[in-house]
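Here are my notes on the model you sent over.

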Amino acid sequence: MKNAAPLELHVPEPPARPGEVPDFGWLKIPPAGSVARPDIATPPNEMRGHAYTLIRVLDEQGAASGPWDPKLDAETLRRGLRTMMLTRAYDERMFRAQRQGKTSFYMRCTGEEAIGVAQAMALDDRDMVFPTYRLQGLLIARGWPLIEMMNQVFSNTRDRLKGRQMPVLYASKEARFFSIAGNLATHLPEAVGWAMASAIKHDDRIAASWIGEGSTAEGDFHHALTFASVYRVPVVLNIVNNQYAISTFQRIAGGEESTFAARALGYGLPALRVDGNDFLAVYAATRWAADRARTNVGPTVIELVTYRASAHSTSDDPSKYRSAEEPGRWPLGDPIARLSGHLARLGEWSEERQARLASELDSEVLAIQREAESYGTLASGPHHRPATMFEDVFKEMPWHLRRQREEMGS
Amino acid sequence: MPRMNMVQALNSAMDVMMARDENVVVFGEDVGYFGGVFRCTEGLQKKYGRDRAFDTPIAESGILAAAIGMGVYGLRPVVEIQFADYIYPATDQLVSTAARLRYRSAGAFTAPITVRSPCGGGIFGGQTHSQSPEAIFTHVCGLKTVIPSNPYDAKGLLISAIEDDDPVIFLEPKRIYNGPFDGHHDRPVIPWSEHPASEVPAGHYTVSLGQAACVRPGAEVTVLTYGTMVHVALAGAEEAGVDAEILDLRTLIPLDIETIVASVGKTGRCLIVHEATRTSGFGAELAALVQEHCFYALEAPIVRITGWDTPYPHALEWDYFPGPRRVAEGLKRVMAD
């Protein structure tokens with residue numbers, strides 16, 4: 001066959017660039033409550049549709065409906081709301097601290113709080129989590145003290161990671177929160193390995209991991225799904241689709257021709273595509289996947305569809321690549337506003353209580369920040385002693401590192 | 001005492017450790033039922049079960065990642081990368097996590113894994129089954145790198161590697177799996193059974209990481225080498241008629257600097273021999289260290305005999321391989337001044 005026209009390379013573009021009108025028409029949003037909830041033992045090939053739809057519980061008026069409604073009591077919902085709001089208050093204070101020069105870098109998770117918080121609440125605290133960055137809500141929901149997180153953000157004398165890691169790359173053995181990798185995707189197959197070990201030891205703990213839609217293009221995403229499928233590993237693999245990899249719209253990661261959830265189907269894994277700003281849907285989907293893992297049925301891939309409402313990081317300026325109106329046009333709303341509205345509709349919350357709580361949380365975060373700053377900041381110190389940089393390269397320091405430490409003069 | 005070749009000694013090390021510590025698991029490509037393409041894991045699945053010795057997909061990065069995750073859980077995984085030439089897809093896992101996890105988490109999480117991999121040429125493996133990439137790993141802070149040269153050391157070093165709390169790259173020179181090859185490829189193969197280092201205790205013992213062995217005491221020149229080249233260096237010294245002191249480094253990181261400095265301080269001359277390519281090879285580090293520590297003891301320039309800076313050519317491998325003739329020439333060169 002002869003070419004009718006010269007070959008052309010297709011390079012995907014987002015629907016709108018700066019100055020253009022945002023268009024989210026490509027995101028098909030089914031009514032809340034309309035997606036079926038299969039039994040956890042359903043064979044993956046009998047629920048392929050769940051990779052292409054969007055599981056939603058909360059509608060635009062704040063009403064919960066359908067089979068995915070986890071029917072959480074008001075107390076639990078308020079706890080979820082409070083944790084999301086605390087995460088946002090923490091983010092805002094740390095963002096400002098970076099702008100004040102007290103630390104080098106920060107990343108907010110604005111608009112994505114439901115993911116870390118609802119999922120932490122749906123998992124057992126004993127389960128091991130292997131997060132990517134922007135999941136501070138997960139760590140906060142596990143009760144890890146903000147002071148520990150701030151000490152790292154400020155790289156001060158109480159920074160448990162001794163000034164070795166960037167501000168947001170947390171690690172906590174006590175919170176069963178794996179050391180966040182600054183390079184992407186490596187942790188996803190490591191989570192699978194951890195869960196394989198849990199299965200080998202006939203343990204009852206599962207693993208969960210998170211990856212951005214952008215880094216599903218990395219080979220390690222494929223390795224994670226392959227190993228998870230082959231060994232039927234007790235793991236929950238989450239794809240946080242917040243539409244952007246720094247400046248790059250998700251279509252460049254392969255989101256134009258298919259959904260990210262659908263990646264699971266080729267591996268014979270079940271996939272759930274979820275409204276990531278719907279606290280109840282995120283909670284319910286996570287619980288479904290966790291139950292599946294915990295009962296030896298196997299791993300699940302969850303795509304959490306959300307929107308990165310703020311910049312990628314303090315080093316990024318989204319006005320250079322996306323319309324300033326875009327965050328306001330995002331059709332799935334804000335997770336805090338949606339859960340707050342739901343609680344109000346239930347008669348369990350009010351605008352006054354919302355405002356009062358926001359103010360209380362900001363004061364709480366500010367007080368902790370003052371304490372953290374009293375131990376030092378990146379800009380003004382004090383820091384851990386330079387000689388500590390030679391520790392923990394190996395369990396025991398070999399001669400060449402001892403020699404270099406002496407050479408440094410400390 | 002039982003006689004073992006290197007394959008049997010390595011198998012015995014894993015067998016001993018799997019029996020002693022139920023957290024030791026072994027996996028890799030063709031490693032489970034079949035027992036590995038070089039037979040190093042033969043019988044382990046039958047003895048310890050499918051969930052402690054198993055086959056993996058062809059995914060070196062996945063294998064390393066799984067091992068790291070298991071290490072974080074508390075297991076002691078021993079993985080096989082079928083050929084050292086295949087390890088490159090796993091580089092991110094090795095460099096960014098295995099080597100850095102203790103550091104980046106300030107000791108909260110660690111990856112006590114052992115990565116076994118056959119290296120080196122001499123089996124007509126061409127450029128994808130013959131490489132010696134040890135220098136790459138020594139450049140990555142946080143990894144230990146071990147290369148044994150005989151069955152006794154292979155077992156004792158592998159047990160040490162498995163018991164070590166840091167990640168260890170354990171490179172096995174495949175040409176000496178079955179015999180102490182001295183580089184004379186045109187002569188009949190000599191089996192390990194005639195070599196004293198094939199006497200290998202059946203049970204548990206260790207050879208410490210970070211300790212070189214003197215395989216031939218001598219007065220005129222120090223030869224720094226490891227792996228297959230230990231045997232080639234012995235033949236080369238014999239053929240050159242030089243009274244060489246030959247050190248088998250055994251572990252590159254951590255390096256036994258004291259033994260090296262004492263020997264060069266005594267002989268005043270140094271020849272470095274490795275099969276890997278020369279530029280930025282581990283020999284460059286050794287030459288720099290000898291210069292730093294022994295400059296005033298040196299009576300002649302340090303000489304390196306290595307593989308050429310080319311890929312390993314299939315049909316021309318014996319022109320590439322630094323055999324005893326080249327070692328002998330190197331010894332004469334270092335003795336000339």
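**Notes on the model**

1. Let's begin with Asp69(A), which counts as buried at 17% relative accessibility. Keep in mind that this is a predicted model. Asp69(A) sits in the segment before helix H1 (74-99) of chain A. Leaving out residues up to four places away in sequence, Asp69(A) touches Val57(A), Ala64(A) and Leu280(A). Ala32(A) is 37 residues away from Asp69(A) in sequence, yet the C-alpha to C-alpha distance is 9.8 Å.

2. What does the side chain of Asp69(A) reach? The backbone nitrogen of Lys71(A), at 2.9 Å. Asp69(A) also forms a salt bridge with Lys71(A), with the closest N and O atoms 3.7 Å apart.

3. Over in chain B, Arg3(B) forms a salt bridge with Glu199(B), the closest N and O atoms being 3.3 Å apart. Arg3(B) comes before helix H1 (6-20) of chain B and Glu199(B) is in the loop between strands S6 (168-173) and S7 (213-216) of chain B, so the pair ties together parts 196 residues apart in sequence. Arg3(B) is partly exposed at 42%, and so is Glu199(B) at 35%.

4. Now the interface. The contact takes 47 residues from chain B and 45 residues from chain A. About 3600 Å² is buried between the two chains, with carbon and sulfur atoms giving 65% of that. On the chain B side, Tyr73(B), Tyr103(B) and Arg104(B) lose the most area to chain A, together 23% of what that side buries.

5. As for polar links across the interface, there are 16 residue pairs in polar contact (both at pLDDT 80 or more). H3(B) gives the largest share of the chain B side that touches chain A, 10 residues. The count of salt bridges between the chains is three; one joins the side chains of Lys395(A) and Asp165(B) at 2.4 Å, N to O.

Methods:
Residues are numbered from 1 along each chain as its sequence is written. Chains are lettered from A and ligands numbered from 1 in the order in which they are written. This is a predicted model: local features need pLDDT of at least 70, side-chain atom pairs count only at pLDDT 80 or more; totals for chains, interfaces and linings use all residues. Side-chain values use heavy atoms; hydrogens and water are left out. Contact means heavy atoms within 4.5 Å. Buried area is the accessible area (1.4 Å probe) that two parts lose on being put together, summed over both. A salt bridge is a side-chain nitrogen of Lys or Arg within 4 Å of a carboxyl oxygen of Asp or Glu. A polar contact is a pair of N or O atoms within 3.5 Å; within protein, one must be able to donate a hydrogen and the other to accept it, and residues adjacent in sequence count only if both atoms are side-chain atoms. Helices (H or I, at least four residues) and strands (E, at least two) are DSSP runs, numbered from the N terminus. Buried means under 20% relative accessible area, exposed over 50%, partly exposed in between (1.4 Å probe, protein chains only).
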